[in-house]
Amino acid sequence: MYSALDAKRSAALGYEGKWAIHPSQIELANTVFSPPPAEVDRAKRILIALEEAAAAGKGAASLDGHMIDAASARMAENVVKQDEVIQGKLK
């Protein structure tokens, strides 16, 4: 049986999704594996800050007192893409 506990355990282990063999399992999987809104907002802020830094000729930037760079951008892009895919499926 597919449960919220199973999905949360998988997410905690680093999995990005879980197979759903019945349509009733889709909503649970989307809920558990969706990045939290605060994480999506931060990822978008990272991308904006790095775009502004690049326009100023800088390779890194500071956001909320932390240095961000190309590695930060890659992780942020993944979060934004994951959110877009899941939100697109929900509509």
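**Close-up views of a predicted model**

**View 1. Helices H1 and H2 cross in a right-handed sense.** Here a right-handed crossing is one in which the near helix is turned clockwise from the far one by less than a right angle, a left-handed crossing being the anticlockwise case. Helices (H or I, at least four residues) and strands (E, at least two) are DSSP runs, numbered from the N terminus. The model is predicted, so local features need pLDDT of at least 70 and side-chain atom pairs count only at pLDDT 80 or more, whereas totals for chains, interfaces and linings use all residues. Residues are numbered from 1 along each chain as its sequence is written, and side-chain values use heavy atoms, with hydrogens and water left out. H1 (residues 4–12) packs against H2 at an angle of about 35°, and their axes are 10 Å apart; axes are lines fitted to C-alpha atoms, for helices over the stretch in contact, and angles run from 0 to 180 degrees between N-to-C directions.

**View 2. Ser 10 lies in helix H1.** Ser 10 counts as buried because its relative accessibility is 15%, where buried means under 20% relative accessible area, exposed over 50% and partly exposed in between (1.4 Å probe, protein chains only). Leaving aside residues up to four places away in sequence, Ser 10 touches Tyr 15, Lys 18 and Phe 33, contact meaning heavy atoms within 4.5 Å.

**View 3. Glu 27 belongs to helix H2, which spans residues 26–33.** Glu 27 is exposed because its relative accessible area is 61%. The C-alpha atoms of Glu 27 and Gly 65 are separated by 36 Å, the two residues being 38 places apart along the chain.

**View 4. The largest nonpolar core comprises 14 residues.** A nonpolar core is a set of buried Ala, Val, Leu, Ile, Met, Phe, Trp, Tyr and Cys residues joined through side-chain atoms within 4.5 Å. The members that touch the most others are Ala 43, Ile 46, Leu 47, Leu 50, Ala 61, Ile 68 and Ala 76. Two or more residues come from each of helix H3 (37–55), strand E1 (61–63) and helix H4 (70–90), with H3 giving the most, seven residues. Ala 76 touches Ala 43, Ile 46 and Leu 47, not counting residues up to four places away in sequence.

**View 5. Asp 64 sits in the loop between E1 and strand E2 (66–68).** Although Asp 64 is not a glycine, its phi is positive, at about 55°. Most residues other than glycine have a negative phi.
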